[in-house]
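Here's a walk through the fold, helix by helix and residue by residue. Keep the viewer open while you read.

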Amino acid sequence: MDQLTPQTPPKREGLTASFLMSDNPALQDLMLRPSINDSARVNEQKIRRLYLQASSQQWFAPTKINFEPNIQVDEETRRIWIRFVTIFYTLEKMGLNVIANMMPKASSKLKSDEISYYLSAQCFDESRHVFVLENYLKKLGAPVKYDYKYHVLGQAASMGFYRVENWLFSTLFSENFAHAFLRRAKVANIDPLGAEICKSLQADESRHLHFLHIVLPDIMDRLNLFGRTYVKSAQFFIMKFTEIVSRSLENDARFVGLDRRAMMEEVFENIERAYESFGVTRSFLPFPKISSTVN
Ligand SMILES: [Fe+2]
Ligand SMILES: [Fe+2]
């Protein structure tokens, strides 16, 4: 099982080594210490550090990724990657729209300005992902289109009661899903540009998971029974929807060397482990069965 980077706490040395101020403890203290805020509902010190890490790891797509060479693959492989990348593009674009909408609500609900700092960096990550995938689709010779079939996921993830909590828990699923897909896609039968894109995006998604591992335990602690039940129902719907939709992709996935079932199992296992670390178990969050039926 792949050990996700975010499950390991960040190392101070790893972070500061890349900073110009690494030889200046007073300056580090100035930058890393949040302003006093006794009402924050999250660990602001950890979030501030992650914000600085996210800022220092920003990359510029046109120079980081070589979009120049043409993609040389057979027609069937091209058709399948166009199909998968269109779905992934849709999910990333939905994620971008949702994070832009939820940022102010999250910082207000969690009473933390550090959340605004961090989420603005993550929002920029997501815009970069959409930008990169849009250009990859163009290189594949495909139209760039948002597939409204998946739009309901964004709505389930950010509406209703407890919308901030619901969104953050939904993100635990979507970021884990993105991470597992990218990790597998980059070593599947994909062209070099696709592999490079998957690698670059995966590093960002690891950081997004790290953020959730910082904030979700505190959020879970504060949720009352009704809130937990509400969040639980939304999570089950999102996982069930994804499991059902992914069944129809099984044959295409196999053709390019992706194992859909193994990927879904990996996602569910990672989420279960995350929930266990928040002090809840499978009895809190039931997981949908992963079907072997191919539609
Ligand atoms: Fe993303
Ligand atoms: Fe993300």
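## A loop residue to start with

Lys 111 sits in the loop between helix H5 (75-109) and H6; helices here are DSSP runs of H or I with at least four residues, strands are runs of E with at least two, and both are numbered from the N terminus. The phi angle of Lys 111 is near 50°, a positive value in a residue other than glycine. Lys 111 counts as partly exposed because it has 14 C-beta neighbours inside 10 Å. For that label, buried is 20 or more other C-beta atoms within 10 Å of a residue's own, exposed is 12 or fewer, and partly exposed is in between, with C-beta atoms placed from the backbone.

This is a predicted model, so to speak of local features pLDDT has to be at least 70, side-chain atom pairs count only at pLDDT 80 or more, and totals for chains, interfaces and linings use all residues. Residues are numbered from 1 along each chain as its sequence is written, while chains are lettered from A and ligands numbered from 1 in the order in which they are written.

## The overall build

What is the chain made of? It has twelve helices and zero strands. The radius of gyration is 19 Å, close to the 19 Å that the globule rule gives for 295 residues, so the chain is as compact as a globular protein of that length. (The radius is taken over C-alpha atoms, and the rule is 2.2 Å times the number of residues to the power 0.38.)

Along its principal axes, the C-alpha trace spans about 60 × 45 × 35 Å. Buried residues make up 36% of the 295. Of the contacts with a separation of 6 or more, 81% are between residues 24 or more positions apart; a contact means C-beta atoms, placed from the backbone, within 7 Å.

## H6 against H9

Helix H6 (residues 113-139) packs on H9 at an angle of about 160°, and their axes are 11 Å apart. Axes are lines fitted to C-alpha atoms, for helices over the stretch in contact, and angles run from 0 to 180 degrees between N-to-C directions. That angle makes H6 roughly antiparallel to H9, given that under 35 degrees counts as roughly parallel, over 145 as roughly antiparallel, 65 to 115 as roughly perpendicular and the rest as oblique.

H6 passes H9 in a left-handed crossing, where the near helix is turned anticlockwise from the far one by less than a right angle (clockwise would be right-handed). On the H6 side the contact residues include Tyr 118, Gln 122 and His 129, and on the H9 side they include Ile 197, Asp 204 and Phe 211. The residues of this contact divide into seven nonpolar, four polar and three charged. In that count Ala, Val, Leu, Ile, Met, Phe, Trp, Tyr, Cys and Pro are nonpolar, Asp, Glu, Lys and Arg are charged, and the others, Gly among them, are polar.

## H3 joins in

H3 also packs on H9, at about 175° with the axes 10 Å apart, and the two are therefore roughly antiparallel. Here Lys 46, Ile 47, Leu 50 and Ala 54 of H3 meet Arg 207, His 210, Phe 211 and Ile 214 of H9. By class, that contact has five nonpolar, one polar and two charged residues.

Is Ile 47 buried or exposed? Ile 47 is buried, with 23 other C-beta atoms within 10 Å. Beyond residues up to four places away in sequence, Ile 47 touches Val 42, Ser 112, Glu 114, Ile 115, Tyr 118 and Ile 214.

Further along H9 (residues 192-222) you'll find Asp 218, which is partly exposed, with 14 other C-beta atoms within 10 Å. Leaving aside neighbours within four places in sequence, Asp 218 is in contact with Arg 41, Val 42 and Asn 43.

Helix H7 (residues 151-158) and helix H10 (residues 225-247) cross at roughly 165°, their axes coming within 9 Å. They are therefore roughly antiparallel to each other, and H7 passes H10 in a left-handed crossing. Leu 153, Ala 156 and Ala 157 in H7 meet Ala 234, Phe 237, Ile 238 and Phe 241 in H10. The tally is seven nonpolar, no polar and no charged residues.

Pro 288 is in the segment after helix H12 (260-277) and is partly exposed, with 16 C-beta neighbours inside 10 Å. Outside four places in sequence, Pro 288 is in contact with Phe 236, Met 239, Lys 240 and Glu 243.

Key: Two residues are in contact if their C-beta atoms, placed from the backbone, lie within 7 Å.
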